[in-house]
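This report looks at charged side chains and the contacts between them. The sequence and the structure are shown first.

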Amino acid sequence: MESVEWWPFLISRGRRTPFRTVVVPGLPGADGLEPVLLDAAGGKPTPEGQLRFRVIERSDADDLALVFRVIRPDPAEAGERQGPLHDAHSRPIYLIEGVLRTLPAVTSDGGPRPWVPQGALRTAHEHNVPAFQRFWQTDRYDLAPVRSKALSFPANASAERAQWSVSPPFRARARRPAKPDPPPPPPPPAAGSRRGRLLLWWGALLVLAVVLAFVLSG
């Protein structure tokens with residue numbers, strides 16, 4: 001049976017750490033996806049039963065379909081006994097979490113269709129909880145994001161019943177190719193070759209001096 005792969009992702013912030021990608025999809029060709037997700041996903045908190053849908057258009061890779069929500073985390077899932085969670089400036093903590101896939105299903109007019117298998121967001125949340133707890137407890141900006149594994153669902157799986165909020169497509173900038181390293185400078189001349197040139201110049205001057213002496217004496 002044909003299946004479709006959806007990849008979990010998670011964006012949040014810590015007590016002092018600003019918003020960052022905590023869980024990044026581990027799909028092939030996802031290098032450089034972290035800042036794109038930060039720009040493409042987010043917004044106001046989503047009401048219960050509502051999901052957001054957005055397409056990321058990429059010129060150097062397949063387009064991506066995002067399905068996500070913006071929710072308050074359960075304090076227990078962050079390893080805390082009390083809540084709700086706030087950062088060091090008393091701002092409420094939110095999770096921007098969801099799933100994405102390549103080559104989304106399209107409608108008859110060729111546009112992307114907001115759709116996700118039933119249970120995909122719940123499974124992604126369960127996958128993301130350990131990563132968020134580690135991130136919240138360490139509160140380190142240099143903590144490497146967790147690379148998620150694909151969640152596989154049958155292509156004919158039942159769709160999640162939700163109210164959809166569709167955002168305009170987000171066009172990701174193509175990654176600039178790395179500049180080639182400049183050619184190395186030519187190696188300095190060996191000491192022996194410099195000594196040889198000096199001897200040659202002294203020899204030429206000596207010959208010139210002998211010729212001049214001979215001419216002047218004659």
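Arg13 counts as buried because its relative accessibility is 12%, under the 20% cut-off for that class. The model is predicted, and the values given here are computed from it. The partner of Arg13 in a salt bridge is Asp87, with 3.5 Å between the closest N and O atoms. Arg13 sits in the loop between strand S1 (3–12) and strand S2 (20–25), and Asp87 in the loop between strand S4 (64–71) and strand S5 (95–102), so this pair ties together parts that are 74 residues apart in sequence. Asp87 is also buried, at 7% relative accessibility.

Asp87 has a salt bridge to Arg91 as well, where the closest N and O atoms are 2.7 Å apart. Arg91 is partly exposed, with a relative accessibility of 41%. Through shared partners, the salt bridges join Arg13, Asp87 and Arg91 into one network.

Another salt bridge brings together the side chains of Asp139 and Arg16, at 3.0 Å from N to O. This pair also links distant parts of the chain: Asp139 is in the loop between helix H2 (120–138) and strand S6 (146–148), Arg16 is in the loop between S1 and S2, and the two are 123 residues apart. Asp139 is buried at 9% relative accessibility, whereas Arg16 is exposed at 62%.

The structure holds 7 salt bridges, among them the pairs tabulated here.

| Salt bridge | N to O distance |
|---|---|
| Arg13 and Asp87 | 3.5 Å |
| Asp87 and Arg91 | 2.7 Å |
| Asp139 and Arg16 | 3.0 Å |

Technical notes: Residues are numbered from 1 along each chain as its sequence is written. This is a predicted model: local features need pLDDT of at least 70, side-chain atom pairs count only at pLDDT 80 or more; totals for chains, interfaces and linings use all residues. Side-chain values use heavy atoms; hydrogens and water are left out. A salt bridge is a side-chain nitrogen of Lys or Arg within 4 Å of a carboxyl oxygen of Asp or Glu. Helices (H or I, at least four residues) and strands (E, at least two) are DSSP runs, numbered from the N terminus. Buried means under 20% relative accessible area, exposed over 50%, partly exposed in between (1.4 Å probe, protein chains only).
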